[in-house]
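Here are a few friendly notes to read alongside the model. I begin with a helix pair and then turn to the sheet.

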Amino acid sequence: MQAWQVHENGEPSEVMRLREVERPTPGDGQVLLRVRAANVNFPDALLCRGQYQVRPPLPFTPGVEVCGETEDGRRVIANPALPHGGFAEYAVVDAAALLPAPRALDDAEAAALHIGYQTGWFGLHRRAALEAGETLLVHAAAGGVGSAAVQLGKAAGATVIGVVGGAEKAAVARELGCDVVIDRRSEDVVTAVKEATGGRGADVIYDPVGGAAYAQSAKAVAFEGRIVVVGFASGTIPSPALNHALVKNYSILGLHWGLYNTKNPRLVRHCHEQLTDLAARGAIKPLVSERVPLSGAAAAVQKVADGVSTGRIAVLTGEAAA
């Protein structure tokens, strides 16, 4: 089979190599999945760089989110078990973690439903307890993680403010349903948030960026607001001033979605049921901005690594790529 492999750490476009390799052999409790589509995630870039919290042995195949087909013909979504990731014709997955692919979504959309939308659902509902009528601020609103949070926020009845970088991403954020779009390159984010909320600030802030975005969040959060720390795509991990959280009376909430797979897998399945229902009703639909063949995977991962993509990029294999 064909598979992308990383033999040394570095930039995705430099270290990912498409190879002809043997099909992987599943271990105990695992199954072999024929990959139909793999979604590109920022962690794929971190894996290539050797900067992710999980460091699989070299060589490994990146690709942490797929829609695939089991040997008995079931269409499923899953997180592959590294080192046999999803940028390949076949991947190894844990049988217990398989989830049915929603019928309302095609392969590329289904592949993009899992990590970003699960993270958004847990962040907004489980951690921040977002309520209808509240204001949600989403950083990097046109990106893969941010776009999911925007749709979930709208589905929950929130007023959504999206922060983006550039006119192209601003247009995408509007199409996603943001009520207010702020271009951080041409506007002062904090001032714009205060103007949009009558000086109150945002009740919930969803931050997959870190760095300067977090500093803006602390200034733009409302009384009894909640800042959900999802990741650090900027490359800078902020150091929150806890005295500031005290005097402004807001909460800082961390979210590592992957922990729920071992700490409370029942909640992951419950979340998937909620997401499947929302997809069936048309309330959410992953924004797949590009669909590329398996041969384009390295360039796609690099594009996400460089922060120049919008929505999700799906890598299609086999019949799905035809």
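1. Helix 7 and helix 8 (residues 212-220) have axes that come within 9 Å and cross at roughly 35°. Axes here are lines fitted to C-alpha atoms, for helices over the stretch in contact, with angles from 0 to 180 degrees between N-to-C directions. Helices (H or I, at least four residues) and strands (E, at least two) are DSSP runs, numbered from the N terminus.

2. A word on provenance: this is a predicted model, where local features need pLDDT of at least 70, side-chain atom pairs count only at pLDDT 80 or more, and totals for chains, interfaces and linings use all residues. Residues are numbered from 1 along each chain as its sequence is written, and side-chain values use heavy atoms, with hydrogens and water left out.

3. Back to the helix pair: Val189, Val190, Val193 and Lys194 of helix 7 meet Gln216, Lys219 and Ala220 of helix 8 (contact means heavy atoms within 4.5 Å).

4. Helix 7 (residues 189-196) also packs on the sheet, where it touches strands 8, 9, 10 and 11, and its direction makes about 165° with that of strand 10. Helix 6 (residues 167-176) lies across strand 9 (159-164) and strand 10, running at about 165° to strand 10.

5. The open sheet itself has 6 strands in the order 10-9-8-11-12-13, with parallel pairing (two strands pair if DSSP finds at least two bridges between them). Strand 10 (180-183) and strand 13 (251-254) are the edges, each pairing on one side only. From one strand to the next, the twist averages 20°.

6. Within the sheet, strand 8 (residues 135-139) pairs with strand 11 (residues 202-207) in the parallel sense over 3 bridges. Leu137 has Ile205 in strand 11 as its bridge partner.
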